[in-house]
Amino acid sequence: MLGHLLRRVGASALTLALVALLVFLAVDAIPGDPARLVVGLEASPEEYRAARERLGLDDPWPVRFARWGAGFLRGDWGTSLRYGRPARELVLGALALTVPLAALALVLALLIAFPLGLLAARRVGGGADLATVGFAQLGTALPEFWLGVLLVGLLAVGLRWFPAGGFPGWMDPGAWRYLLLPAAALALPRAAYLARLVRGSVADVLREDYIRTARAKGVPGWRVLGVHALRNALVPVLTGAGLTFARLLAGAMVVENVFGLPGLGRLAVVAAGERDLPLLSSLAVAVGALVVLVNLAVDAGYALLDPRIRHP
Amino acid sequence: MRRHAGLTLGAAFLLLALLPVLVGLVWLPYDPNALGWEPYAPPSLHHPMGTDWFGRDVLARVMVGGRASLAVAALAVAVGGLVGTALGSLAGSLGRLADEALMRVVDALLAFPALLVALLFRAVWGPGLPGVAIALALFNVPFFARLTRAGFLALRSREFVLAARAAGAGGGWILRRHLLPHLASPLLVQATVALGAALLAEAALSYLGLGVQPPDPAWGRMLREAQAAFELSPWPAVFPGAVLALAVLGLNLIGDGLRDLLDPSFRRLSPPRPP
């Protein structure tokens, strides 16, 4: 068990280093001369050379990568060109909105997916099953930002049930109302996918011998479904939920732009538009790290839930 | 081939969604960038999808707007699929160390939302189409690599591979004549579903202002422009999204149908892809 976890942690650390390297290489490939930017066009060749020296631009790229990575680990993520503030502060501030938004969407998705999936698995091929399968197909095909646009248009601009966008900050007691519509737009495609997973894994489990034994013993139908079957169907569903995290974050970043929420997505679009590379590269590394860590946690949870994984 | 309701339905949906784009290649009702009709007109006989805030015909813009989306998605899946399949083949056949190294690269790629890669490229090259296409191709690599690798690992100790090896076949021959043909069906299924996902991702990027630049239309960008004027007329926001969703729905249904028909033994290799 410990060995398995250690191996996974090692692999994740390696993946993380590769994530950082990919970002570094992408940013490093950008045409343009930071030293020229610092000293200006009229600087003398000596000044220019001194600036290159000071910025360490003449070092080979592995040295520059190591320096950049070490700075990142120390918490020195560079300064945003656009905002003139530390990139770390900006990214962490944006994460404080994007992560709760993604979490809320995931909870909503699970709340929709479990009842639907269970209902469908109870009688595969029945009416509830067909409805769920149809919902699953439709839901995964709908672009979440289109849902967002329609939801804003109908419920916020049209009926004025919800604020149309923006975010008053977490101090505001009504802050959650600003997150509900974006979370709903994000949740629907994921609810569709997860309902399909629940249906599939519960239907598989229902064919097992121990389910027949439970039924034969006279355990009521809802208990067989909700307790015996669900417990064993949980592992693949939670794994699926965890592994969609990268896509969920990406979706949240798009939907934030639909609703004008000041999260990672907005920050990333502004940073890309203004070529604010220190900010954009820290943001990319932070998102990559978050995804790797969540995948690691899912992996560990998986091993805890299912003893067979521990000894492959 | 057996008849399959989902497959037929999917093909019908896809065709319905592609029809305006295909017809648009040879005939357009109006110039998609021409201004001058009454703005915000609801759907009518003259403008079946209405007009937008500049008084441009929405149908003509939908017909032209799909071109870039479909071309970029197809290119991204083709390139990403080829690179991913090659990487997966290498990982599955070169031995432990190369496998570990290649799979770490694949994991690293998987940790990046395509959105971030595209934004990085936007900062490097500006907001044009090539950056979007490369970002989406990169995004497709891990799925194909994992699928091919898993297939190789599952197949390599099967009797027919062992028999070929015993008969003196080389690694390259076994790869080309035995392993890859076995994986053709799951790869085809994956490519179909990946095309739908790439269409969605391209539209999201276009919504954010990447890819096709104004005044030329693109499905995603049209939604952004329509959002600003939703109160005045919801129609320009409805149609581009509906055509896009119809195309993706069709592709997903076709993917599932192909999986059922072609791929019974590999169903576990190509699980439904998360949205």
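A residue is called buried if 20 or more other C-beta atoms lie within 10 Å of its own, exposed if 12 or fewer do and partly exposed in between, with C-beta atoms placed from the backbone. The structure is a predicted model, in which local features need pLDDT of at least 70, side-chain atom pairs count only at pLDDT 80 or more, and totals for chains, interfaces and linings use all residues. Residues are numbered from 1 along each chain as its sequence is written, and chains are lettered from A and ligands numbered from 1 in the order in which they are written.

In helix H12 (residues 264–273) of chain A, the buried residues are Leu264(A), Gly265(A), Leu267(A), Ala268(A), Val269(A), Ala271(A) and Ala272(A). Helices (H or I, at least four residues) and strands (E, at least two) are DSSP runs, numbered from the N terminus. Because seven of its ten residues are buried, H12(A) is largely enclosed by the rest of the structure. The cover over these buried residues includes helix H5 (87–122), helix H11 (245–259) and helix H13 (277–305) of chain A, together with H4 of chain B. Just after H12(A), Arg275(A) has a positive phi of about 55°.

Two residues are in contact if their C-beta atoms, placed from the backbone, lie within 7 Å. Beyond its neighbours within four places in sequence, Ala268(A) is in contact with Met253(A), Leu280(A), Leu283(A), Leu116(B) and Leu119(B). Ala268(A), Leu280(A) and Leu136(B) have the most contacts inside the largest nonpolar core, which has 180 residues. Such a core is a set of buried Ala, Val, Leu, Ile, Met, Phe, Trp, Tyr and Cys residues joined through C-beta atoms within 7 Å. Helix H8 (residues 175–206) of chain A gives the most to this core, with 19 residues. The core lies between domain 1 (2–74) and domain 2 (92–310) of chain A, because both give residues to it. These domain bounds come from an automatic or database domain assignment.

The C-alpha centres of the two domains of chain A lie 35 Å apart. Their contact takes 13 residues from domain 1 and twelve residues from domain 2. On the domain 1 side, helix H1 (residues 2–28) of chain A gives the largest share, eleven residues.

Between the chains, 38 residues of chain B are in contact with 47 residues of chain A. Elements giving two or more residues to the chain B side are helices H3 (96–110), H4 (114–125), H7 (171–207), H8 (219–228) and H9 (235–262) of chain B.
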